[in-house]
Amino acid sequence: MAGAPGIDGRAREPAGSAHVEEATVRTRRDPETTAAVRRRPGRIHRMRAAGVATLLVGAVACSAAPAVATPTLARAGGPGGGFGGYAASGAYATAVSTPATAQQSAGVVLIETVLPYQNAQAAGTGMVLTASGQVLTNYHVVEGAGTITVTVAATGQSFQATVVGADSSADVALLQLTGASGLTTVKADDEQAQVDDTVTAVGNAGGTGTLTAAAGTISSLTASVTAASDGSSASETLSSMIETTADVVSGDSGGPLFDAEGEVVGIDTAASVGVQIDGYAIPIARALAVVGQIRSGTETSSVRIGPAAFLGVELSSGVAAYGYGYARGAGLGSGATVSHVVTGTAAAIAGLQAGDVITTLNGRAIGSASDVSAALVGANPGDQVTIGWTDTSGSPHTATVTLGASPVA
């Protein structure tokens, strides 16, 4: 399985844009969790909504790109990879938005997710691509989710959803709503957006369950955003992003960036926070290219079809794994300490218990949770892995087990 195999936990954050220099900023996953980032004019974060940081590690893919000269942004929402529950307070500027109109709500959905085994929740936004219920959103919105509930904003209809496939490096996911039919779809723009074009970002701002709209203009078509998990040194860069003056906020991730004709030019993905808010969107043509790859059913080095692999261990403090594919934080020395093992998973079958320290995985030395992620890059459900660990008495153990499938994302 290509792409990022599974971890249970939460999301990454995008970082940066070309006009940032220094100044410390904080990104917020929920009202109680903050993490430092750098940005001069203001902060940037991804816009999921109401997410909870916790570290269930499954088969994790750590495809973090080295830090670049771009500033660090935070994502705009979602339980998995995205952030949930960003709240404006203190140094955070209050975003300017209004209730979305009926036209702006057509084809837009509200996404709510629950993390497996933890009952942590997060929210985001999505766009209906087919009448039968295929929905486009950011990967970080659903990353690591155990259940996904999608509500059609215009009608109030709710559906359970599964992940058809995803490209974690592009931050794009395709969902399928169970039992959906006759849904109104969004219309993708078939022309090239231009700097100074008028745009409107629509989304589940703040995870409130209602759509809002924020108007602005396009200021750049070549912005670079470095996506980094909250509290993590791991990061990846999204380039050629649409930068706008629209006040994108937490919960907007996965929502449409409309042009003046009401056509989608991008997916709201990240934003700065501070006195001046800038929104960042993935160009719709790029996202639809990923959707086409997913629909083809052919996996690549970046596109994953179906569920991620799942190991089923939760790593202790010092490391936090958020969302499938990202382990956060530095290790606590040699090995990755297990704080919880999910019943019935590969880790449980191997005999791992809380307090044990994973020392090797598939012959690779493990010094931290991120090493666990790296060792399982490209793993698929059904693959066999060999785990080496030391129990709480100091005795070494080795076992070969078969990876399971992640609950949803």
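Reader: Is Asp 171 buried or exposed?
Author: This is a predicted model, so take what follows as computed from it. Asp 171 sits in the loop between strand 13 (158-167) and strand 14. Buried means under 20% relative accessible area. Asp 171 has 0% relative accessibility, so it counts as buried.

Reader: What is the phi of Asp 171?
Author: Most residues other than glycine have a negative phi. Asp 171 is not a glycine, yet its phi is positive, at about 60°.

Reader: And Ser 240, which also has a positive phi: how exposed is that residue?
Author: Ser 240 isn't a glycine either, and its phi is about 50°. Ser 240 lies in strand 17. The relative accessible area of Ser 240 is 36%, so the residue is partly exposed.

Reader: Which side chains meet in a salt bridge?
Author: The structure holds one salt bridge. The N to O distance is 3.2 Å, and the side chains that meet are those of Glu 263 and Lys 187.

Reader: How many residues apart in sequence are the parts that this pair ties together?
Author: Glu 263 is in the loop between strand 18 (256-259) and strand 19 (264-274), while Lys 187 is in the loop between strand 14 (172-177) and strand 15 (198-203). Glu 263 counts as buried at 9% relative accessibility, whereas Lys 187 counts as exposed at 53%. Because the two residues lie in those two loops, the pair ties together parts whose separation in sequence is 76 residues.

Reader: Which element gives the most to the largest nonpolar core?
Author: That core has 28 residues, and Leu 136, Val 172, Met 241 and Ile 267 have the most contacts inside it. Elements giving two or more residues to the core include strand 9 (108-114), strand 16 (212-229), strand 17 (235-244) and helix 3 (284-296). With five residues, the top contributor is helix 3.

Reader: What does Val 172 contact, leaving aside its neighbours within four places in sequence?
Author: Val 172 is one of the residues with the most contacts inside the largest core. Beyond those neighbours, its partners are Leu 136, Thr 137, Tyr 139, Ala 166, Asp 167, Ile 282, Ala 287 and Val 290.

Reader: How many residues are in the second, separate core?
Author: This core includes Val 341, Ala 346, Ala 347 and Leu 403. Its size is 25 residues.

Reader: Which residue in strand 12 is the bridge partner of Thr 113?
Author: Strand 9 is mostly covered, with five of its seven residues buried. Seven bridges join strand 9 to the antiparallel strand 10 (residues 121-128), where Thr 113 partners Ala 122. Strand 9 also pairs with strand 12 (residues 147-152), again antiparallel, over six bridges. In strand 12, the partner of Thr 113 is Ile 148.

Reader: What separates the C-alpha atoms of Gln 353 and Val 341?
Author: Gln 353 is in the loop between helix 4 (346-350) and strand 27 (357-361), and counts as exposed at 53% relative accessibility. Leaving aside neighbours within four places in sequence, Gln 353 is in contact with Val 338 and Val 341. Gln 353 and Val 341 are 12 residues apart along the chain, and their C-alpha atoms are separated by 6.2 Å.

Reader: Zooming out, what share of the residues is buried?
Author: The protein has five helices and 31 strands. Of its 409 residues, the buried share is 59%.

How values were computed: Residues are numbered from 1 along each chain as its sequence is written. This is a predicted model: local features need pLDDT of at least 70, side-chain atom pairs count only at pLDDT 80 or more; totals for chains, interfaces and linings use all residues. Side-chain values use heavy atoms; hydrogens and water are left out. A salt bridge is a side-chain nitrogen of Lys or Arg within 4 Å of a carboxyl oxygen of Asp or Glu. Helices (H or I, at least four residues) and strands (E, at least two) are DSSP runs, numbered from the N terminus. Buried means under 20% relative accessible area, exposed over 50%, partly exposed in between (1.4 Å probe, protein chains only). A nonpolar core is a set of buried Ala, Val, Leu, Ile, Met, Phe, Trp, Tyr and Cys residues joined through side-chain atoms within 4.5 Å. Contact means heavy atoms within 4.5 Å. Two strands pair if DSSP finds at least two bridges between them.
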